[in-house]
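Welcome! Let's walk through this protein together, one step at a time. Have a look at the structure below before reading on.

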Amino acid sequence: MTNTLGMHRTVTEAVRSWSDRLVALSHGLHDEPETALQEHRSAARIGDLLETAGFTVNRGVADLPTALVATRGSGDLVIGFCAEYDALPGIGHACGHNVNGAAAVGAALALAAVADELDLTVKLIGTPAEEDIGGKVLLLDAGVFDDVAAAMMVHAAPDDSVGASSLAIGAWDITYRGKPSHAALAPWEGINALDAMTLAHTAVGLLRQQLPPGVAVHGIVTEGGQAVNVIPARTRARCEVRALTVEQLGEVWQRVRACFQAGALATGAELELRPHGSDFADLRQDPDMTEVYVRALGGLGRTAMSRYGETMASTDMGNVSQLIPTIHPTIGYDTDGAKQHTPEFTAYGKSPGADRAVLDGATALALTGAGLATSQAQRSRLLDGVRRRQRRQPACDGANGSPPTRAVRLAPGA
């Protein structure tokens with residue numbers, strides 16, 4: 001019979017013994033932020049630390065140079081921790097991924113200390129590009145999660161919470177191609193690609209009145225022409241659509257797509273629509289795992305706010321949760337009211353509160369993994385889930401519904 005008290009002590013002491021290295025990891029990620037698919041130093045830091053701890057580390061998995069998988073233990077129950085470490089362009093770790101990544105690494109180190117005793121395998125999955133194309137989706141498709149019985153991570157935030165869902169999201173790159181001409185001498189000879197983009201954005205703005213609650217459409221124009229005295233021959237933009245579910249995302253995208261088609265129709269410009277990365281599914285947090293996590297967090301003097309029925313922004317952890325029992329709680333620290341994706345939030349990423357969040361998040365996640373392993377009911381449930389998944393091939397879902405490289409073109413006037 002497992003000594004629960006002794007196991008708890010071993011896990012917490014393991015986090016304590018690695019605390020200096022974990023805080024240094026968080027600070028190192030924060031000091032050298034790297035954006036999606038450029039996280040070379042970040043992935044190297046994580047892989048090197050885990051190798052030092054005796055993990056077997058495979059780097060560049062799934063043809064993603066900045067992805068990695070580190071394992072320790074040999075039990076049939078595989079507990080997966082997802083480490084994020086990509087930053088945002090211009091504002092660094094404004095989503096706190098330095099905290100997320102370091103906490104996941106700490107959880108893996110701590111659970112590894114009892115892996116043999118609990119007959120489990122600890123699997124740390126380094127997941128790049130959460131802020132962009134969705135590394136977890138690519139890793140799912142590559143089979144990296146196939147043996148994972150339970151997946152978990154914590155996410156930096158101004159407070160502790162559990163249970164929230166997230167919005168499904170899809171992104172598209174839009175290009176209009178027109179015909180250049182002199183803007184003063186012969187503008188009628190040109191086809192104005194910027195006009196097409198303006199009309200499309202206007203149509204999207206008008207569409208918003210008819211969109212269901214919880215749906216959001218937002219985007220940026222990344223190219224609007226080259227010279228003010230030349231009719232713009234090419235414009236580019238990126239558009240994101242968020243919805244409550246992947247099914248709703250597909251429906252809304254068809255309406256948004258029609259707005260971009262209208263710009264092409266009205267101006268005669270050629271339209272190209274290209275999915276950018278993978279669709280992110282809505283997040284489904286496992287209630288049984290959440291209950292174990294809440295107890296573990298409470299033992300650290302923290303109280304998590306229940307947010308069942310609420311939605312966060314969007315995360316590729318949603319795709320994992322559609323297939324594997326998953327938790328994605330937030331781990332909080334004082335940010336003086338600053339919210340994620342702002343420079344003000346970035347400024348608190350190395351604060352004493354953020355450092356404590358790394359260590360408490362690591363401890364709570366590791367204790368959750370241990371709690372699942374020691375419960376025969378949970379162990380059986382999770383292993384049964386793996387066997388069921390491995391017997392069937394998951395279907396392709398989402399609004400994009402095709403590989404990211406597939407483009408849709410409309411000829412002028414189509």
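In which strand does T175 lie? T175 belongs to β8, a strand that covers residues 168-177. Keep in mind that what you are looking at is a predicted model.

Is T175 buried or exposed? T175 has a relative accessible area of 9%, and buried means under 20%, so T175 counts as buried. If we set aside neighbours within four places in sequence, the residues in contact with T175 are R234, T235, R236, E270, L271 and E272.

Now let's turn to the nonpolar cores. The largest one has 70 residues, and F55, F81 and L124 have the most contacts inside it. Take L124 as an example: leaving out neighbours within four places in sequence, L124 is in contact with I46, L50, L68, V69, A70, F81, A83, A104, V105 and A108. Another core lies apart from that one; it has 29 residues, including A168, Y176, C239 and L273.

Next, let's look for empty space. Rolling a probe the size of a water molecule over the atoms shows where such space is left. In this model, the largest pocket holds about 1300 Å³ of space. Its lining is made up of 44 residues, and E131, R242, A313, S314 and H341 are the closest to its centre. The elements that give two or more residues to this lining are β6 (155-157), β8, β9 (216-223) and β10 (234-243). Which of them gives the most? That is β9, with four residues. Sorted by class, the lining has 16 nonpolar, 17 polar and 11 charged residues.

Key:
Residues are numbered from 1 along each chain as its sequence is written. This is a predicted model: local features need pLDDT of at least 70, side-chain atom pairs count only at pLDDT 80 or more; totals for chains, interfaces and linings use all residues. Side-chain values use heavy atoms; hydrogens and water are left out. A nonpolar core is a set of buried Ala, Val, Leu, Ile, Met, Phe, Trp, Tyr and Cys residues joined through side-chain atoms within 4.5 Å. Buried means under 20% relative accessible area, exposed over 50%, partly exposed in between (1.4 Å probe, protein chains only). Contact means heavy atoms within 4.5 Å. On a 1 Å grid over the protein atoms alone, a cavity is a set of points where a 1.4 Å probe fits but cannot get out, and a pocket is an open set with protein on both sides within 12 Å along at least five of seven lines; lining residues have an atom within 4 Å of a point. Grid points are joined across faces, edges and corners, and a volume is the space filled by probe spheres set on the points. Ala, Val, Leu, Ile, Met, Phe, Trp, Tyr, Cys and Pro count as nonpolar, Asp, Glu, Lys and Arg as charged, and the others, Gly among them, as polar.
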